[in-house]
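Colleague: Before I read this model, I want the terms behind the labels. Can we go through them one by one?

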Amino acid sequence: GTVEVLHNGSWGGICDDSWDINDAHVICRQLGYLWALSAPCCSIFGLGPNPIVLDDVNCHGNENDISECDHRPWGQHDCNMWQFAGVICRPENFTKAFQKVRLTGGAVPQAGRVEIYNAGIWGDINQFGWDMIDGHVLCKGLGYPGVLAVTYRSKHLFHVPLMFTWAKSVSCHGNETSLLECDIAIETRRVSYGYDAGVVCKTENDTALQFRLRNSTVMHAGRVEVLIAGIWGGVSFQHWTINSAHVFCRHVGYTGADMVVSGASILFKLSHTIKWAHEIRCHGNELSLNQCNITVLSNPNIENDAGVICATNASGEVRLTGSSYPFAGLVSVKLAGVWGTVDNRDWSQTDADVLCRSLGYPGVLYPILFATKVFGHGSGPVWITDLRCQGNETGMLSCQRSMSFSGVWSHDQDAGVVCRENGTQLFQVRLEGASVSYAGRVGVSLMGDWGTISAVNFTKPVADVICRQLGFPGSLEALGYGAFGPGSGPTWLEGVGCYGNERNLSQCTLGVLSPVYPTHMNDAGVICDKGEKFEKDFQVRIVGGSHVGRVEVCLKGVWGSVVHVLKTSLVQFGHVVCRQLGYPGVVRPIRNAATKYGRGSGPVWMTHVSCYGNESWVGDCA
């Protein structure tokens, strides 16, 4: 019962702050019992008729009187009416703690929360350690042939109120005739916090489980559910495969499955439910899910619950979004009434070509990786992964692809495309980073978004096309290694293939576009042919003084810098430069000239230079 103490002629309760089995032992011995079985808290025996007079009691367990234990001063506490401490003492004629067991809350009699009876009070069992062996013994003891499932957090599943927890754990061997014969550890403190054990027993009428497809917008897709103990619950995605999904879809009237999905409640915007089936394993040729290997185990965690999209004549929809051009955009896919996107891994020229032809265009101009950088972030699930088209398909959704949606919602790797549209020129080019109009870093604009070209496989035929697009007859040099400094924005193109006679870049082979690149250290540059004859290349000049300063070199009329002259030939390089300028030789070479004479503004024309010292001009140095 509820503990009360007499102080100064008045009875009062004890607050359950720090109340434990040692405190209860002292109370029970003081009352003439052997010891305490439990020290329940939280006014489990009802509200005390008198106020609380003792708080923060702390006994070692060997005291003879509760007043000998540490505690707050009499009458001082910070407790409310739901914090009266209680005890259950062990009498001399004690044989076993529990006399009865029952199931409560179930919609059917063979299911519910497990409750055991002692001292006139029904209480629940802590779920930790509760397993199928324990459930089997319980069900057999209640007259059922066995156990179908054990449940956890049964308060929520069976909609029963929070109650006192009698048993801390239950351990059965399996051969007991009643749960009360098992090893039951008494909970010495606290009430239940909803972590209570439950069970669903088998009945003689159990022949087959019922399954259904729960959906919100379309009939052929949704969450997979199974009916147990009058409660519809979900299936875990952990072992849910396309073979099991084929069997399920045939079970509910379709020819098979198109895709399995994880997180069906979130995807299809369904209210949460318990997961009943922990595992369903099918070979795929079964006529019903009941012919598959099914493990039933309740789980209140609704994350990663299984769903399915069953096969129908409607294969889905595809559209391009995020662009003012109808033939360009982020690839969006609609399956089961939900719009999502395509993952860019394995996104290829062939995949994009199939897509563009299905949308009515003659083919693809270029696929785009990381399309969110251009067209904005997509929304919804990432529906399509591991796409592999052969090229002869009538639509992208007819291509080989993953048949599983694993719950990916991140759109950092969405795929995009620009389809070929006759007469439309989307690429604009310009030259940047130089003081002359005919040379510079190649800037490329795709639909108004300026970026650069990588110098990987950047050849003179490609430079010829770029210069012709800018109005020059051709190019003199195709340059790499960020000759005119690093650009900004996306690195649009890499490995462009041109014959050299194309009128613009759009007529070249462009490959897959990637607007995300780690650096701009290898941006491409060009020097266009402006129809003038330049003086001899590798003229030199000194910036900063008449005979001392930073060395610059001229190539095709563009002045640039020299960096990284090898330390072993620094003096030799100085002699060559000085003699080329008309001086008899070098007095002292200057390393790190930028720190004294300022950084150069043009391209870096020469790097890792090595001279012997007898060359007539720097163009002869390595």
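**Terms against values**

Modeller: Start with residues 318–420: the span is 14% helix and 30% strand, and its end C-alpha atoms lie 17 Å apart. Residues 1–90 are 11% helix and 21% strand, with end C-alpha atoms 12 Å apart. Helices (H or I, at least four residues) and strands (E, at least two) are DSSP runs, numbered from the N terminus. The model is predicted, so local features need pLDDT of at least 70 and side-chain atom pairs pLDDT 80 or more, while totals for chains, interfaces and linings use all residues. Residues are numbered from 1 along each chain as its sequence is written, and side-chain values use heavy atoms, without hydrogens or water.

Colleague: Which spans carry the feature "domain: SRCR"?

Modeller: UniProt, in an unreviewed entry, places that feature at residues 1–90, 101–202, 211–311, 318–420, 429–529 and 540–622. Its positions are given in the numbering used here, and annotations may be inferred rather than shown by experiment.

Colleague: What makes strand 6 and strand 7 a pair?

Modeller: A pair needs at least two bridges found by DSSP. Strand 6 (residues 100–105) and strand 7 (residues 111–118) have six, and run antiparallel. Therefore they count as paired. Valine 101 has isoleucine 116 as its bridge partner. A hairpin of five residues joins the two strands.

Colleague: How do you know that strand 2 and strand 4 pair?

Modeller: Two bridges join strand 2 (residues 10–14) to strand 4, in parallel. The rule asks for at least two, so the pair qualifies. Isoleucine 14 is bridged to leucine 54. The open sheet here has three strands, in the order 1-2-4, with mixed pairing. Strand 1 (4–7) and strand 4 (52–54) are its edges, each pairing on one side only. Neighbouring strands are turned by 60° on average, direction ignored.

Colleague: Why are strand 33 and strand 36 called edges?

Modeller: Their open sheet has four strands in the order 33-34-35-36, with mixed pairing. Strand 33 (539–543) and strand 36 (604–609) each have a single partner, so one side of each lacks a neighbour in the sheet. The twist averages 35° from one strand to the next.

Colleague: What lines the largest pocket?

Modeller: There are 47 lining residues, with Val551, Ser561, Val562, Val563 and His564 nearest the centre. Strand 34, strand 35, helix 9 (570–580) and strand 36 each give two or more. Domain 5 (428–529) and domain 6 (538–620) each give at least three; the bounds come from an automatic or database domain assignment.

Colleague: Why is it called a pocket?

Modeller: On a 1 Å grid over the protein atoms alone, a pocket is an open set of points with protein on both sides within 12 Å along at least five of seven lines, and a cavity is a set where a 1.4 Å probe fits but cannot get out; lining residues have an atom within 4 Å of a point. The volume is about 1500 Å³, the space filled by probe spheres set on points joined across faces, edges and corners.

Colleague: How does the lining divide by class?

Modeller: It has 29 nonpolar, 14 polar and four charged residues. Nonpolar means Ala, Val, Leu, Ile, Met, Phe, Trp, Tyr, Cys and Pro; charged means Asp, Glu, Lys and Arg; the others, Gly among them, are polar.

Key
Axes fitted to C-alpha atoms, helices over the stretch in contact; angles between N-to-C directions.
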